[in-house]
Amino acid sequence: MVNVDVEYCGTCNFSLQCQLLRQFLVDAAPGVQVSCHQGRRGAFEVTIDDQLVHSKLASMAFPQHESVLAQVQRAERGEPVQAVQQAPIKDCSIM
């Protein structure tokens with residue numbers, strides 16, 4: 001079984017983003033275990049079997065769901081996982 005852990009920022013209301021990713025992965029790969037937990041401010045950090053594959057803190061972007069799924073599938077086959085592709089944040093302005 002592949003374990004995906006997502007640390008998200010509760011202050012930023014990233015809980016929904018985590019739930020959407022969780023549902024996408026569970027629908028596409030029923031054997032995956034996905035846990036979402038509130039963490040650091042601004043975070044949306046994704047690990048697969050304890051290996052960090054995406055960091056919003058470093059990239060300022062969310063992960064592409066399809067790319068996370070591809071890495072879950074690699075882990076299911078026993079292959080090493082790699083960093084996932086980013087989905088740039090839209091409709092956001094820094095003031």
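Which residue forms a salt bridge with Glu7, and how far apart are the closest N and O atoms? The partner is Arg40, and the closest N and O atoms sit 2.8 Å apart. A salt bridge here is a side-chain nitrogen of Lys or Arg within 4 Å of a carboxyl oxygen of Asp or Glu.

Some ground rules before going on. This is a predicted model, where local features need pLDDT of at least 70 and side-chain atom pairs count only at pLDDT 80 or more, while totals for chains, interfaces and linings use all residues. Residues are numbered from 1 along each chain as its sequence is written, and side-chain values use heavy atoms, with hydrogens and water left out.

**Salt bridges**

Searching the whole structure turns up three salt bridges.

| Pair | N to O distance |
|---|---|
| Glu7 and Arg40 | 2.8 Å |
| Glu79 and Arg74 | 3.5 Å |
| Glu79 and Arg77 | 3.1 Å |

Helices (H or I, at least four residues) and strands (E, at least two) are DSSP runs, numbered from the N terminus. Glu7 has 11% relative accessibility, so it counts as buried, while Arg40 is partly exposed at 46%. The cut-offs are under 20% relative accessible area for buried, over 50% for exposed and in between for partly exposed, using a 1.4 Å probe and protein chains only.

As for the others, Arg74, Arg77 and Glu79 are linked in a network of salt bridges. Glu79 is partly exposed at 31% relative accessibility, and Arg77 counts as exposed at 53%.

**Two crossing helices**

Two packed helices are described by the angle between their axes and the distance between the axes. The axes of α1 (residues 15-28) and α3 (residues 65-76) come within 10 Å and cross at roughly 45 degrees. Those axes are lines fitted to C-alpha atoms, for helices over the stretch in contact, with angles running from 0 to 180 degrees between N-to-C directions. α1 and α3 are therefore oblique to each other; angles under 35 degrees count as roughly parallel, over 145 as roughly antiparallel, 65 to 115 as roughly perpendicular and the rest as oblique. The crossing is right-handed, meaning that the near helix is turned clockwise from the far one by less than a right angle.

On the α1 side, the contact (heavy atoms within 4.5 Å) is made by Leu20, Leu21, Phe24, Leu25 and Ala28, and α3 brings His65, Glu66, Val68, Leu69 and Val72. By class, that gives eight nonpolar, one polar and one charged residues. Ala, Val, Leu, Ile, Met, Phe, Trp, Tyr, Cys and Pro count as nonpolar, Asp, Glu, Lys and Arg as charged, and the others, Gly among them, as polar.

**Two loop residues**

Val84 lies in the loop between α3 and β6 (86-87) and is buried, with a relative accessible area of 8%. Leaving out residues up to four places away in sequence, Val84 touches Val53, His54, Pro63, Ser67, Val68 and Gln71.

Gly39 is in the loop between β2 and β3 and is partly exposed at 35% relative accessible area. With the sequence neighbors up to four places away not counted, Gly39 touches Glu7 and Tyr8.
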